[in-house]
Amino acid sequence: MGKNSWYKIVENVEILDIAAEGKAIARINNMVMFLPYVVPGDIVNVQVIKKRKNFLEGRVLKIVKYSEQRTEAFCKHFGICGGCKWQNLPYEKQIFYKEKQVKDQLERIGKIKIENFYPIIASENTIHYRNKLEFTFSNKRWLYEGESELPNATDYWGAGFHIPGRFDKVIDLHECYLQSEPSNSIRLEVSRFCKENEIPFFDLKKQEGYLRNLIIRNTTSGQVMLIFVLYSEHIEWQEKILSFIKNKFPDITSVYYAINPKHNDSLEGIIPVLYSGDAYLVEKLGDLNFKISPKSFFQTNSLQARILYNKVLEFAGLTGKEIVYDLYSGTGTIGLYLARYAKKVAGIEFVEDAVNDAKENAILNNIANAAFYPGDTKDILNEDFITFNGKPNVIVLDPPRNGIHKEILETLKKLRPGIIVYVSCNPSTQARDLELLSDFYIVDKCQPIDMFPHTHHVENIVKLIVR
């Protein structure tokens, strides 16, 4: 084929499967092609937009024939908003492909033999399951066909999520199905009020304007926390927005604001200020209560988190005599969940604010046998730490997407606890880590859990026992 022939339109291409990162798979001249927003069984006309060494990337020009697996997306923003890319796939098929993804990554790619592979645990709620969303306010929203010339400057303003691949464009959401009410009502009222009062939305390119973000957190009991992120100090605008929302939604539990003059949306180094209400929310998991402050990390699907923690507890097999290390412990949710069934829990977490939350949650639940330490796990998990806390019988890990640091893997091999329970949000890096531990451990149990319906993301728990 000629050099440019890859970029021509190819007709009647059959979608064959779903890839690990959620895109669909087709084949053109023995090359794998990845495509978004289609499902296995679709017949499509495509344009190849990128050629890599081992694969192609394409975009769909036309669906010639719809797959029998396909279903109608329920959100009007589907296909533009990047939040729920699997809405066109029935939920039973979503969890089928997620389970398949975990099995393929561990067994086929990681060459891991699994003694007991359990069926994926589906989410009871497939909409309104998130307890935290962050909306971006932009003065240059995504424009649809025919919207190039609008009468008012505020008609170009929008509040919602970033368009995939376009940091400067935001889709103006009419309704989002990820979080329960009053989430949509609050966002729409804030947007309407600021437009009417000409309180400027942020310009993401020029880095100017006022209203940047709105973070909404809620609990299963109906508590709601708002964090308004503003670009600069402007007492008049600030008071207008905050007093309006407090009066419009008097049942809101907490209202915060934060001033972020940085060139990114991260609140690292920024302390939110309480404007009204309680300083924190309280979420109940099992018979434990957890404080949620503005910057707390907490599993974003509370109902599934309870199922996940119960499964971790089951895999840990605690009898009350064990010393447990909770690595990458976050706000201590897993460690505290296990502490009542262990002799002692010692947690390590890089983010100091999260460690402070863990310590507060231990006090809140009257748990005295759990301690949490701030710092990088690879530095903290040393001989002094082990001497002070005792050699662990069980280690629980819940690392970030890039997996376990290689130095920690070496420490695990030396410590060689009887049981390791590894929780992962990325089966690919989990498979890599399990392969590196395979000379010392076998994978006894594997349990995928769906925390994020209508996305390709999947949580996976494995129990390793020493050889």
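## Basis of the model

Residues are numbered from 1 along each chain as its sequence is written, and side-chain values use heavy atoms, with hydrogens and water left out. Because the model is predicted, local features need pLDDT of at least 70 and side-chain atom pairs count only at pLDDT 80 or more, whereas totals for chains, interfaces and linings use all residues.

## Aromatic pairs

The structure holds 14 aromatic pairs (rings of Phe, Tyr and Trp, the last by its six-membered ring, with centres within 6.5 Å; planes under 30 degrees apart are stacked, over 60 edge-to-face and the rest tilted). One of them, Phe135 with Phe161, is stacked, at 5.3 Å centre to centre and 20° between the planes. The pair links distant parts of the chain: Phe135 belongs to strand β8 (residues 132-138) and Phe161 to strand β9 (residues 158-163), 26 residues apart. Helices (H or I, at least four residues) and strands (E, at least two) are DSSP runs, numbered from the N terminus. Phe135 is buried, with a relative accessible area of 0%, and Phe161 also counts as buried at 14% (buried is under 20% relative accessible area, exposed over 50%, partly exposed in between, with a 1.4 Å probe and protein chains only).

Phe193 and Phe244 are likewise stacked, with ring centres 4.1 Å apart and planes at 10°. Helix α2 (residues 183-196) carries Phe193 and helix α3 (residues 235-248) carries Phe244, 51 residues apart. Both Phe193 and Phe244 are buried.

## Helix α1

Helix α1 (residues 91-109) has 19 residues and spans 26 Å from its first C-alpha to its last, close to the expected 27 Å (1.5 Å times one less than the number of residues). Its buried residues include Tyr91, Ile95, Lys98, Val102 and Leu106. The buried residues of α1 pack against β2 (17-18), β7 (114-117), α10 (427-437), β22 (441-449) and β23 (459-466) (contact means heavy atoms within 4.5 Å). Just after α1, Lys111 takes a positive phi of about 55°.

## The open sheet

Eight strands form an open sheet of mixed pairing in the order β7-β22-β23-β21-β20-β17-β18-β19 (two strands pair if DSSP finds at least two bridges between them). β7 and β19 (370-374) stand at the edges with a single partner strand each, so one side of each is left without a neighbour in the sheet. β7 pairs with β22 in the parallel sense over 3 bridges, and Cys446 in β22 is the bridge partner of Phe117.
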